[in-house]
Amino acid sequence: MNFAVGYALLVLSIFPVRDRFGLAGIWWVIAAVNVSLAIKQTIDFRRISRLKIQPSD
């Protein structure tokens, strides 16, 4: 879900960023999206890995 939302926002912002900042702006947005996705994935992984698996009886 993180990647779907992150890259959807990237796709929606490409043309406005290109028009305002050019190709360099697109690269900065791509880098920012990738960093934010890495942070979000790390947070989600840590949250999920803290959940304890309950043994079934």
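1. Leu12 sits in helix α1, which spans residues 2-50. Helices here are DSSP runs of H or I with at least four residues, strands are E runs with at least two, and both are numbered from the N terminus. The protein's secondary structure amounts to one helix and zero strands.

2. A word on the basis. This is a predicted model, in which local features need pLDDT of at least 70 and side-chain atom pairs count only at pLDDT 80 or more, while totals for chains, interfaces and linings use all residues. Residues are numbered from 1 along each chain as its sequence is written, and side-chain values use heavy atoms, with hydrogens and water left out.

3. Overall surface. The accessible surface of the protein is about 5100 Å², and carbon and sulfur atoms hold 70% of that. Accessible areas come from the Shrake-Rupley method with a 1.4 Å probe; for residues, only the protein chains shown count as cover. The protein has 57 residues, of which 16% count as buried. Buried means under 20% relative accessible area, exposed means over 50%, and partly exposed lies in between (1.4 Å probe, protein chains only).

4. Nonpolar patch. Met1, Val5, Leu9 and Leu12 make a nonpolar surface patch of about 500 Å². Patch residues have over 30% relative accessible area and no salt bridge; nonpolar side chains (Val, Leu, Ile, Met, Phe, Trp, Tyr) are joined within 5 Å, like charges within 9 Å. Leu12 counts as exposed because its relative accessible area is 67%.

5. Aromatic pair. A search of the whole structure turns up one aromatic pair. The ring centres of Phe3 and Tyr7 are 6.1 Å apart and the planes are at 20°, so the pair is stacked. The cut-offs apply to rings of Phe, Tyr and Trp (its six-membered ring): centres within 6.5 Å make a pair, planes under 30 degrees apart count as stacked, over 60 as edge-to-face, and the rest as tilted. Phe3 and Tyr7 both belong to helix α1, four residues apart, about one turn of the helix. Phe3 is partly exposed at 41% relative accessible area. Tyr7 is partly exposed too, at 35%.

6. Salt bridges. The structure contains three of them. The criterion is a side-chain nitrogen of Lys or Arg within 4 Å of a carboxyl oxygen of Asp or Glu. One joins the side chains of Arg18 and Asp19, at 3.0 Å from N to O. Asp19 is exposed, with 59% relative accessible area. Arg18 is partly exposed, at 40%.

7. Bridges at Asp44. The side chains of Lys40 and Asp44 meet in a salt bridge at 3.1 Å, N to O. These two residues are four apart in helix α1, about one turn of the helix. Asp44 also forms a salt bridge with Arg47, with the closest N and O atoms 3.7 Å apart. Asp44 and Arg47 are three residues apart in helix α1, again about one turn. Shared partners join Lys40, Asp44 and Arg47 into one salt-bridge network.

8. Is Asp44 buried or exposed? Asp44 is buried, because its relative accessible area is 14%. Lys40 counts as partly exposed at 37% relative accessibility. Arg47 is partly exposed, with a relative accessible area of 47%.
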